Amino acid sequence: MSYYIAPQSKSIEVGELVIYRVVKRLSDFEPEDGKLYRVFKSKKEKNESLYVPTYRGVNGRLKKCKNEFVLRF
């Protein structure tokens, strides 16, 4: 399984270009502290999911945000 990770921008516009970094393990990615990231667990989930899970960089690790998410439609 691969993870697809991209920074979460504050303003999301239709047609916005997003570049994902693909890593084998979440621990392989070194996030900036306090920054939000979009994380998908597979390419299929990235292409089809309406719910975008968000993670926050905390002490050099990604921690899932339970209260923050983005809906795509």
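In this predicted model, five strands form an open sheet; 5 strands are arranged in the order 2-1-3-4-5. Pairing within the sheet is antiparallel. Two strands lie at its edges: strand 2, residues 21–23, and strand 5, residues 61–71. Each of these edge strands pairs on one side only. Neighbouring strands are turned against each other by 35° on average, with direction ignored.

Strand 4 spans residues 51–58 and runs antiparallel to strand 5. The two strands are joined by 7 bridges. Within this pairing, Y55 stands opposite K64 of strand 5.

Charged side chains were examined next. Side chains of opposite charge can pair when their charged atoms come close. A search of the whole structure finds 2 salt bridges. One joins the side chains of R25 and D28, with an N to O distance of 3.3 Å. Both partners are partly exposed. The relative accessible area is 48% for R25 and 32% for D28. Neither residue counts as buried, because that class requires a relative accessible area under 20%.

K35 has a relative accessibility of 31%. This residue is therefore partly exposed, as its value falls between the limits of 20% and 50%.

Notes. Residues numbered from 1 in each chain as written. Predicted model: local features only at pLDDT ≥ 70, side-chain atom pairs only at ≥ 80, totals over all residues. Heavy atoms only, no water. Pairing = 2+ DSSP bridges. Helix = DSSP H or I, 4+ residues; strand = E, 2+ residues; numbered from the N terminus. Axes fitted to C-alpha atoms, helices over the stretch in contact; angles between N-to-C directions. Salt bridge = Lys/Arg side-chain N within 4 Å of Asp/Glu carboxyl O. Buried < 20%, exposed > 50% of the residue type's maximum accessible area, 1.4 Å probe, protein only.
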